[in-house]
Amino acid sequence: MKSIFTIIKATFLGGILFLVPLVVLLIILEKGYGIIQKITLPLVNNLPRVHVLGIALQELIGILIIILICFAAGLLARTARAKKLIQKLEDGILSFVPGYSFMKSMNESIMGFESKQDLKVILVPTDAGWQFAFLIEQINENNFTVFIPDAPNPWSGSVVLVEKKDIREIEITQKEALACIRKLGYGSKELLKNKF
């Protein structure tokens, strides 16, 4: 009975961790859209009341402005000064947000961005057998901190300390491992061919 409660609790918390970034993104977009609409209202009041594909001209201009702002922010984020500022924010504030670094790395991997901080994918033994894990950091010569993600939601999982002898290195990317985990292991035959 206790194990059923533990599974339900882990699944519920995993769902929350999966939904939080999406909800935050939707809230930010909604607030941004509201602000943009207030700015564009005086501009489009003088234009004729036209609908394009069922969308009012005011809404269409608002959406285009949000796209342009996101594009401009993307260009700005590529500059050296912006990268330094982002790094300071991550090191000083965001590093204290639980799971931020891992979520950032996973989001970059999911969206197809090449990250310098891709986590090394390994296999570790568990009571249920070998599992995909991500090497987080080396504690000393013989011990490592690893994150074992749950399937199908890799946002939740367990942080464990593993001895070097229990780590099996495999040459696959973080993106490949995440895709396999989300598909409940489908594709692992091809992924781990001649590696396991």
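This is a predicted model: local features need pLDDT of at least 70, side-chain atom pairs count only at pLDDT 80 or more; totals for chains, interfaces and linings use all residues.
The protein has 196 residues, of which 23% count as buried. Its secondary structure is made up of six helices and seven strands. In sequence order, these elements give the pattern α-β-β-α-α-α-β-β-β-β-β-α-α.

Among contacts with a separation of 6 or more, 44% are between residues 24 or more positions apart. The accessible surface amounts to about 14,400 Å², and carbon and sulfur atoms account for 66% of that surface.

The charged side chains come next. How many salt bridges does the count give? The count comes to three. One of them links Glu 169 with Lys 120, with 3.1 Å between the closest N and O atoms. Glu 169 belongs to strand 7, which covers residues 168–169, while Lys 120 belongs to strand 3, which covers residues 120–126; the pair therefore ties together parts that lie 49 residues apart in sequence.

Are the two partners of this pair buried or exposed? Glu 169 has a relative accessibility of 52% and counts as exposed. Exposed means over 50%, so the value for Glu 169 falls on the exposed side of that cut-off. Lys 120 has a relative accessible area of 36%, which makes this residue partly exposed.

The other salt bridges involve Lys 165. The side chain of Lys 165 meets that of Asp 166 in a salt bridge, at 3.4 Å from N to O. Lys 165 also forms a salt bridge with Glu 163, here with an N to O distance of 3.9 Å. A salt bridge requires a distance within 4 Å, so the pair of Glu 163 and Lys 165 qualifies at 3.9 Å.

Glu 163 is partly exposed, at a relative accessible area of 33%. Asp 166 is likewise partly exposed, with a value of 26%. Lys 165, at 64% relative accessibility, counts as exposed. Through salt bridges that share partners, Glu 163, Lys 165 and Asp 166 are joined into one network.

Notes. Residues are numbered from 1 along each chain as its sequence is written. Side-chain values use heavy atoms; hydrogens and water are left out. Helices (H or I, at least four residues) and strands (E, at least two) are DSSP runs, numbered from the N terminus. Buried means under 20% relative accessible area, exposed over 50%, partly exposed in between (1.4 Å probe, protein chains only). Contact means heavy atoms within 4.5 Å. Accessible areas come from the Shrake-Rupley method with a 1.4 Å probe; for residues, only the protein chains shown count as cover.
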